[in-house]
Number of protein chains: 2
Amino acid sequence: MSEKNISMAVIRRLPKYHRYLGDLLDKDIQRISSKELSEIIGFTASQIRQDLNNFGGFGQQGYGYNVEALHQEIGKILGLDKVYNAIVIGAGNLGQAISNYAGFKKAGFEIKALFDVNPRMIGIKMRDFEILDSEEAEDFVRKNNIDIAIVCIPKKGAQEIVDRLIGAGIKGVWNFAPIDLQVPKHIVVENVNLTESLYTLSYLMKDNE
Amino acid sequence: MSEKNISMAVIRRLPKYHRYLGDLLDKDIQRISSKELSEIIGFTASQIRQDLNNFGGFGQQGYGYNVEALHQEIGKILGLDKVYNAIVIGAGNLGQAISNYAGFKKAGFEIKALFDVNPRMIGIKMRDFEILDSEEAEDFVRKNNIDIAIVCIPKKGAQEIVDRLIGAGIKGVWNFAPIDLQVPKHIVVENVNLTESLYTLSYLMKDNE
């Protein structure tokens, strides 16, 4: 089955399906109808059937979905069975939080090193790796087949280091810096913009008064 | 002018306008056309005119937009001129990163305390406040007019503490726990789901191979 031409809106719903199906598995629930799934996830049953049809017929009329098979298949579609090597740029609070985040391994991301420009941070040993000098990041990317850079530094300097790391061979960026990175077409960027989320919360609070 | 019935899609674009207009101000640029703005932000000029028309006529034919006035007005629409009191639940790496995040004050959020259940964390002094016992959170909310709880704990326990804090009077939640919180209608929730973002990155990387 082809996964091409699936809209990003559908793709962005898949992690949620994956999470809820995982919860069902934890409760030993083996099969579920689109109607029951709808009550848990909050999407309509018709939306669920339409979403999952994009990837081939998972459901069976009168039986519903096999929870384990669907969970596994969505995991494969999301690429969770693949392993990517990652580095974190910026060893501040956020960089350290991200580096210690257990969710990574589950998603198939292996963090190989954490980089900083601050001489007082460089050399500090973390659980699985130590903090290295940002100057060495390109070299590290080349020698260790790093696929992804996780950018946890302020706006200033973010574009420059990303340019350098792309030159060294990374293929994707998980970007926490509040900047729209300019990258070549073959480079994947996923942004987490905390300020935009916070401003949205501010709007909703105000609107709610 | 009424701000009601503005779609969330428009609202979610406003922080981006605000950020780019702020960058222009930093460069002392006083006026800009929708076409120029389009080249910087990446939305079409027609989208920009349509978005900004929602909030009244900011632009002037043949003049373009007054950058400072527009920046200020969008800030007001986003409620950045209002001040809300916030607490952070969970003093792990993420909770500490969030607590030290300078973007808060700019958005009008004042963090008043950080809470944890771990006896070894309780009592530790941070820059502006100390880590308190989660058991005291409800009391603290009541006594200090706390508006918002920032939830930085794992899924387990998140719903329960949010229920308690809503009972104590909070009106909004900035939620980092990977769970869809169940809240009464008058409570605002803004989610930051790092796992969903990471899974999307995983998909995009796989799709890019």
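Student: What share of the residues in chain A is buried?
Tutor: The model is a predicted one. A residue is taken as buried if 20 or more other C-beta atoms lie within 10 Å of its own. Chain A has 209 residues, and the buried part of them comes to 39%.

Student: How many helices and strands are there in chain A, and what does its C-alpha trace span along the principal axes?
Tutor: The secondary structure of chain A consists of 9 helices and 8 strands. Among its contacts with a separation of 6 or more, 58% join residues 24 or more positions apart. Along the principal axes, the C-alpha trace of chain A spans about 65 × 50 × 35 Å.

Student: How far apart are the C-alpha centres of the two domains of chain A?
Tutor: Chain A is divided into domain 1, residues 8-77, and domain 2, residues 84-196. The distance between their C-alpha centres is 33 Å.

Student: Where on helix 4 of chain A do the buried residues lie?
Tutor: Helix 4 of chain A covers residues 67-77, and its buried residues are A:Val67, A:Leu70, A:His71, A:Ile74, A:Gly75 and A:Ile77. Viewed down the helix axis they fall within an arc of 160°, so they line one face of the helix. An α-helix has 3.6 residues a turn, so residues three or four places apart point the same way. The buried residues of helix 4 of chain A therefore lie on one face.

Student: What covers those buried residues of helix 4 of chain A, and which residue just after the helix takes a positive phi?
Tutor: The cover includes helix 1, strand 1 and strand 2 (65-66) of chain A. Just after helix 4 of chain A, a positive phi of about 80° is found at A:Gly79.

Student: Is A:Asp28, a residue with positive phi, buried or exposed?
Tutor: A:Asp28 is not a glycine, yet its phi is about 65°. It sits in the loop between helix 1 (8-26) and strand 1 (31-32) of chain A. Because A:Asp28 has 7 C-beta neighbours inside 10 Å, it counts as exposed.

Student: Is A:Asn145 buried or exposed?
Tutor: A:Asn145 also has a positive phi without being a glycine, with a value near 50°. It belongs to the loop between helix 7 (137-143) and strand 6 (148-151) of chain A. With 11 C-beta neighbours inside 10 Å, A:Asn145 counts as exposed.

Student: Which strands pair with strand 6 of chain B?
Tutor: Strand 6 of chain B, residues 148-151, is covered on both faces: B:Ile148 and B:Ile150 are buried on one side, B:Ala149 and B:Val151 on the other. B:Val88 stands opposite B:Ile150, and B:Asn175 is the bridge partner of B:Val151. Strand 6 pairs in the parallel sense over 4 bridges with strand 3 (residues 84-89) of chain B, and likewise in the parallel sense over 4 bridges with strand 7 (residues 172-175) of chain B.

Student: Which residues have the most contacts inside the largest nonpolar core?
Tutor: That core has 124 residues. As an example of the packing, B:Ile87 is in contact with residues beyond four places in sequence that include B:Ile111, B:Phe115, B:Phe140 and B:Ala149. The residues with the most contacts inside the core are A:Ile87, A:Ile89, A:Val151, B:Ile87, B:Ile89 and B:Val151.

Student: Which element of chain B gives the largest share of the side that touches chain A?
Tutor: The contact takes 42 residues from chain B and 42 residues from chain A. Helix 1, helix 5 (93-99), strand 7, strand 8 (188-191) and helix 9 (194-207) of chain B each supply at least two residues of that side of chain B. Of the interface residues of chain B, 100% are also interface residues in chain A, so the copies meet through the same surface. The largest share of the chain B side, 13 residues, comes from helix 9 of chain B.

Terms used. Residues are numbered from 1 along each chain as its sequence is written. Chains are lettered from A and ligands numbered from 1 in the order in which they are written. This is a predicted model: local features need pLDDT of at least 70, side-chain atom pairs count only at pLDDT 80 or more; totals for chains, interfaces and linings use all residues. A nonpolar core is a set of buried Ala, Val, Leu, Ile, Met, Phe, Trp, Tyr and Cys residues joined through C-beta atoms within 7 Å. A residue is buried if 20 or more other C-beta atoms lie within 10 Å of its own, exposed if 12 or fewer, and partly exposed in between; C-beta atoms are placed from the backbone. Two residues are in contact if their C-beta atoms, placed from the backbone, lie within 7 Å. Domain bounds come from an automatic or database domain assignment. The arc is that of the directions from the helix axis to the C-beta atoms. Two strands pair if DSSP finds at least two bridges between them.
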